[in-house]
Amino acid sequence: MGMEPYKGFLIDGSAIPTFATGFDWYSQGTIFRTSRRLDSIVEIKRIRGPIVVSKEAAEERGLKLCKDWIDKLL
């Protein structure tokens, strides 16, 4: 999955493999903001989520974690 815009932020959902429990995946969400001053993208928050059974589910869960965090912030 690539980054996608959400309410002025860029978010990314990713899957981190965990082999301790077989072939499950940790979900992770990362939130970025563009920096006009530096003309770059800066990571502002990384959220680790629950273990799920598929890579796709972990990526989707990561995006949901980002959206929930931004919604609470705003």
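**Colleague's note on a predicted model**

1. D68 sits in helix α1 together with K64, and the two are 4 residues apart, about one turn of the helix.

2. Some ground rules before going on. This is a predicted model, where local features need pLDDT of at least 70 and side-chain atom pairs count only at pLDDT 80 or more, while totals for chains, interfaces and linings use all residues. Residues are numbered from 1 along each chain as its sequence is written, and side-chain values use heavy atoms, leaving out hydrogens and water.

3. Now the overall layout. The protein chain has 4 strands and 1 helix, and their order along the sequence is β-β-β-β-α. Both kinds of element are DSSP runs numbered from the N terminus: H or I over at least four residues for helices, E over at least two for strands. Along the principal axes, the C-alpha atoms fill a box of roughly 45 × 25 × 15 Å.

4. How much of the chain is tucked away? Of its 74 residues, 35% count as buried. The chain exposes about 4900 Å², and carbon and sulfur atoms supply 54% of that area. Accessible areas here come from the Shrake-Rupley method with a 1.4 Å probe, and for residues only the protein chains shown count as cover.

5. On contacts (heavy atoms within 4.5 Å): take the pairs in the chain that are at least 6 residues apart in sequence, and 47% of them join residues at least 24 apart.

6. Charges next. There are 12 positive and 10 negative side chains, and the centres of the two sets lie 7 Å apart. Lys and Arg count as positive, Asp and Glu as negative, with His and the chain ends not counted. Each charge is placed at NZ of Lys, CZ of Arg, CG of Asp or CD of Glu.

7. How many salt bridges does the structure hold? It holds 4, a salt bridge being a side-chain nitrogen of Lys or Arg within 4 Å of a carboxyl oxygen of Asp or Glu. One of them pairs D71 with K7, with the closest N and O atoms 2.7 Å apart. D71 lies in helix α1 and K7 in the loop between β1 and β2, so this pair ties together parts that are 64 residues apart in sequence. D71 is partly exposed, with a relative accessible area of 34%.

8. Most residues other than glycine have a negative phi.

9. K64 is joined to D68, with the closest N and O atoms 3.0 Å apart, and K64 is partly exposed at 41% relative accessible area. R46 and E43 meet through their side chains at 2.8 Å, N to O. R46 is partly exposed with a relative accessible area of 48%, and E43 is partly exposed too, at 36%.

10. Where does L65 sit? It is found in helix α1 (residues 55–73), and it is buried, with a relative accessible area of 15%. Leaving aside neighbours within four places in sequence, L65 is in contact with S27, I47, R48 and G49. Its C-alpha atom is separated by 9.5 Å from that of R46, which is 19 residues away along the chain.

11. Q28 belongs to strand β3 (residues 24–35) and is buried, its relative accessible area being 15%. Residues up to four places away aside, Q28 touches a list including D12, I16, R46, I47, A58 and G62.

12. Is E4 buried or partly exposed? It is partly exposed, with a relative accessible area of 28%, and its place is in strand β1. Beyond residues up to four places away, E4 touches F9, L10, I11, L63 and K67. The C-alpha atoms of E4 and F32, 28 residues apart along the chain, are separated by 9.9 Å.

13. Last, the surface. L38, V42 and I44 form a nonpolar patch with about 250 Å² of accessible area together. Patches take residues with over 30% relative accessible area and no salt bridge, joining like charges within 9 Å and nonpolar side chains (Val, Leu, Ile, Met, Phe, Trp, Tyr) within 5 Å. V42 is in strand β4 (residues 40–52) and is partly exposed, with a relative accessible area of 33%.

Methods. Buried means under 20% relative accessible area, exposed over 50%, partly exposed in between (1.4 Å probe, protein chains only).
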